[in-house]
Amino acid sequence: MPVTTHQLIQWKQQERSIVALTAWDYAIAHVLDAAGVDLILVGDSLAMVALGYDTTLPVTLDEILHHAKAVRRGVKRALLVADLPFMSYQESVQQALHSAGRALKETGVQAVKLEGGNPAIVATVAQLVQAGIPVMGHVGLTPQAVHHLGYRQQGQSPETADHILAEAIALEQAGAFSIILEHIPSDLAQQITQKLTIPTIGIGAGPHCDGQVLVTADLLGLSVRQPPFAKSYVNLREVITQAVQDYDAEVREGKFPAK
Ligand code: KIV
Ligand code: NA
């Protein structure tokens with residue numbers, strides 16, 4: 001059965017961990033979905049891992065929608081979420097409604113994700129939810145604010161920790177169905193996870209979240225650079241290099257193709 005936003009909240013209640021990964025094309029999405037991943041995110045990290053940009057800022061809404069359409073064709077079961085990229089929702093509630101509406105109508109994703117938890121973002125999330133668009137929040141290290149925050153861990157002081165907790169609570173109250181906690185101390189993530197009814201999905205936020213997400217290129221060992229908290233479960237760069245060298249040798253030696 002396809003995963004729903006309600007299912008995620010039930011899994012939190014049942015203490016059943018939620019497994020999430022990112023995807024940027026049909027082939028990757030098809031493998032992840034068939035492998036049983038619960039939630040697939042067309043993250044704007046595709047700007048870095050698939051498009052070669054230094055940050056997530058340059059990727060456009062049209063580019064995200066292009067990738068989301070390809071991912072959609074590969075996913076049957078997982079809940080599918082698309083990031084709204086930088087400056088596709090910060091201008092006004094109208095802009096956010098327009099961008100999120102396009103994501104749902106043009107690609108078939110079931111929800112969108114927005115970064116941040118300031119009052120303007122919280123008000124936007126409330127409006128999207130009232131329009132019938134499921135929203136995932138994202139607090140802590142928010143990469144669209146890289147020029148402001150850097151890629152440093154957030155919430156280290158008691159004041160900033162309280163601030164992130166307050167943002168998470170406000171996003172839940174605005175109607176978000178789940179929230180990403182990125183690169184914050186483990187004890188803060190635990191505190192937020194205990195306070196919220198909606199599931200927290202962590203990345204660089206310790207083991208106490210209701211679920212975990214990784215950028216799939218990091219998991220596969222395909223990222224040119226990856227953050228310290230990411231874990232590679234295989235080195236596909238090495239696997240691919242070996243395969244290409246084998247092919248290269250067989251072509252030069254006349255072994256492939258066979259007669
Ligand atoms: O874009 C992305 O990959 C993300 C995840 C790290 C949560 O936002
Ligand atoms: Na993102």
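Student: Hi! Is His183 buried or exposed?
Tutor: His183 is buried, because 22 other C-beta atoms lie within 10 Å. A residue is called buried if 20 or more other C-beta atoms lie within 10 Å of its own, exposed if 12 or fewer, and partly exposed in between, with C-beta atoms placed from the backbone. This is a predicted model, where local features need pLDDT of at least 70, side-chain atom pairs count only at pLDDT 80 or more, and totals for chains, interfaces and linings use all residues. Residues are numbered from 1 along each chain as its sequence is written, while chains are lettered from A and ligands numbered from 1 in the order in which they are written.

Student: Where do I find His183?
Tutor: Look in the loop between strand S6 (178-182) and helix H9 (186-195). Helices (H or I, at least four residues) and strands (E, at least two) are DSSP runs, numbered from the N terminus.

Student: What is phi of His183?
Tutor: Phi is near 50° for His183, a positive value in a residue other than glycine. Most residues other than glycine have a negative phi. Met87 has a positive phi too, near 65°, and sits in the loop between strand S3 (79-83) and helix H5 (93-107).

Student: Why does Met87 count as partly exposed?
Tutor: Because Met87 has 13 C-beta neighbours inside 10 Å.

Student: And which peptide bond is cis?
Tutor: The one from Phe256 to Pro257 is cis, with omega near -5°. You'll find Pro257 in the segment after helix H11 (236-252). Most peptide bonds are trans.

Student: New topic! How do H2 and H4 cross?
Tutor: The axes of helix H2 (residues 26-34) and helix H4 (residues 61-74) come within 7 Å and cross at roughly 35°. Axes here are lines fitted to C-alpha atoms, for helices over the stretch in contact, and angles run from 0 to 180 degrees between N-to-C directions.

Student: Which residues make the contact?
Tutor: From H2 there are Tyr26, Ala29, His30 and Asp33, and from H4 there are Ala70, Val71, Arg73 and Gly74. Two residues are in contact if their C-beta atoms, placed from the backbone, lie within 7 Å. These contact residues divide into four nonpolar, two polar and two charged. Ala, Val, Leu, Ile, Met, Phe, Trp, Tyr, Cys and Pro count as nonpolar, Asp, Glu, Lys and Arg as charged, and the others, Gly among them, as polar.

Student: What does Tyr26 touch?
Tutor: Leaving aside neighbours within four places in sequence, Tyr26 is in contact with Ala70, Val71, Arg73 and Gly74. The C-alpha atoms of Tyr26 and Gly74 are separated by 5.0 Å, though the two are 48 residues apart along the chain.

Student: What residues are around ligand 1?
Tutor: Thr22, Leu41, Gly43, Asp44, Ser45, Asp83, Ile180, Ile203, Val213 and Val215. A residue is near a molecule if its C-beta atom, placed from the backbone, lies within 6 Å of it. That shell divides into five nonpolar, three polar and two charged residues.

Student: Last one, how many helices and strands does the chain have?
Tutor: There are 11 helices and eight strands. The radius of gyration of the chain is 19 Å, close to the 18 Å that the globule rule gives for 259 residues, so the chain is as compact as a globular protein of that length. That radius is taken over C-alpha atoms, and the rule is 2.2 Å times the number of residues to the power 0.38. Of the 259 residues, 46% count as buried.
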